[in-house]
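Dear colleague,

I am handing over the structure below, together with some notes on what turned up in it. Please read the notes with the coordinates open beside you.

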Amino acid sequence: MKNDAMNFFSRTLMYWHQHQNKREMPWKGIKDPYKIWLSEIILQQTRVDQGLKYYEKFVAQYSTIFMLAAAKDEDVFKLWEGLGYYNRCKNLLFTARFIVNEMNGIFPETYNDLLLLKGIGTYTAAAIASFAYNQPYPVVDGNVFRVLARFFGNATATDTAHGKQLFTQLANEVLDKKEPGQFNQAIMDFGATVCKPALPNCNSCLLNKQCMAFANGWVNKLPKKEKTVHKKNRWLSYFILEHQQKLLVFKREGSDIWQNLHEFYLVETDEVVVWNEALVQQFLHEQLNIKNASIQLISKVFNQQLTHQKIKGQFIKVVLSTIPKVLKNNQWLSVNEVNQLAFPKFINQFLEEKETQGLLF
């Protein structure tokens, strides 16, 4: 059964890449190891939209590794200005000069030899080996973790040694060995445009027929991390889902804030979401396969200042005509039962609002 799921995953992902992937990047499809390496170093710890302009500036200024190796340190650092993590830039110059002076300007052609270069780790080595030389090494980054964890329903923490080993092995097993470069590009693009961290396009996703997270309502819970990332600002959107005078309620677990307190269906995003009826309906349809729902309220923005974090968010009250399959096995409680539960202050301030009172039945 697992092999069937793997075959479906690989085959469908490649089909999506060939027929539906519209993500354009200037380095996609190129075989020049220098430009692939340059793009990967720039994109380490940098968002793609920010890294794009830097990549284009570097290629325009230093179109070959010989030109980069011959450049003055000050000029290269000036071009890098604003990207941060300047050790990357130091390693970039060191490795460029090493390849020019010690290897006649020719990049190593094997994964293991690439790993010997300063500033190149397993991810970058796999990217160069697969994109430039079509060698069967999987790239494993946050996008890949997320896609694999959701599709296979794997809750192993991705930030542990065991988790990284497990997902790297899984990535290797699903890798298209004949077209590893194409497959690596496909899974990265898929994670960035379809299986996104927040508000993924689940209902229109070609993988959803066998996606464990979509089938079981785990999309917002995967991938798992063992260490809590302490963000200064967090945006929480709570969906209060009602069916036949019962509300969907969850108990918070793990080591995050509000442990053992209760909450409604949570969607946490890195950025503010401007909810309106159309976006709520789109979210319900895409992620929970809910087609007919009555949106009763999109609340004002609520705030709570914790010791080290500022919490902001909204509450969306939705009445369902039927319980979607992915939520049937969860806890649906009457208002009296809900009133017996402990909620965090952030939720209580909403529940205590006058406009809320008449909405809960």
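Predicted model: local features only at pLDDT ≥ 70, side-chain atom pairs only at ≥ 80, totals over all residues.

Helix H2, which spans residues 33–43, is mostly covered, with nine of its 11 residues buried. The buried residues are Pro33, Tyr34, Ile36, Trp37, Leu38, Ser39, Glu40, Ile41 and Ile42, and between them they pack against helices H3 (48–61), H4 (65–70), H5 (73–80), H6 (87–103) and H8 (122–133). Just after the helix, Gln45 adopts a positive phi of about 60 degrees.

Turning to the rings, the structure holds 24 aromatic pairs. In one of them, the ring centres of Phe315 and Phe350 are 4.2 Å apart and the planes are at 5 degrees, so this pair counts as stacked. Phe315 belongs to strand S7 (residues 310–320) and Phe350 to helix H15 (residues 345–351), so the pair ties together parts that are 35 residues apart in sequence. Both Phe315 and Phe350 are buried, and they belong to one aromatic cluster that also includes Tyr238, Trp258, Phe302 and Phe346.

Two lysines also sit over aromatic faces: Lys57 lies over that of Tyr54, at 4.4 Å from the ring centre, while Lys118 lies over that of Phe94, at 4.7 Å from the ring centre.

With best regards

Note on methods: Residues numbered from 1 in each chain as written. Heavy atoms only, no water. Buried < 20%, exposed > 50% of the residue type's maximum accessible area, 1.4 Å probe, protein only. Helix = DSSP H or I, 4+ residues; strand = E, 2+ residues; numbered from the N terminus. Contact = heavy atoms within 4.5 Å. Phe/Tyr/Trp six-rings, centres within 6.5 Å; stacked < 30°, edge-to-face > 60°. Lys NZ or Arg CZ within 6 Å of the ring centre and 35° of its normal.
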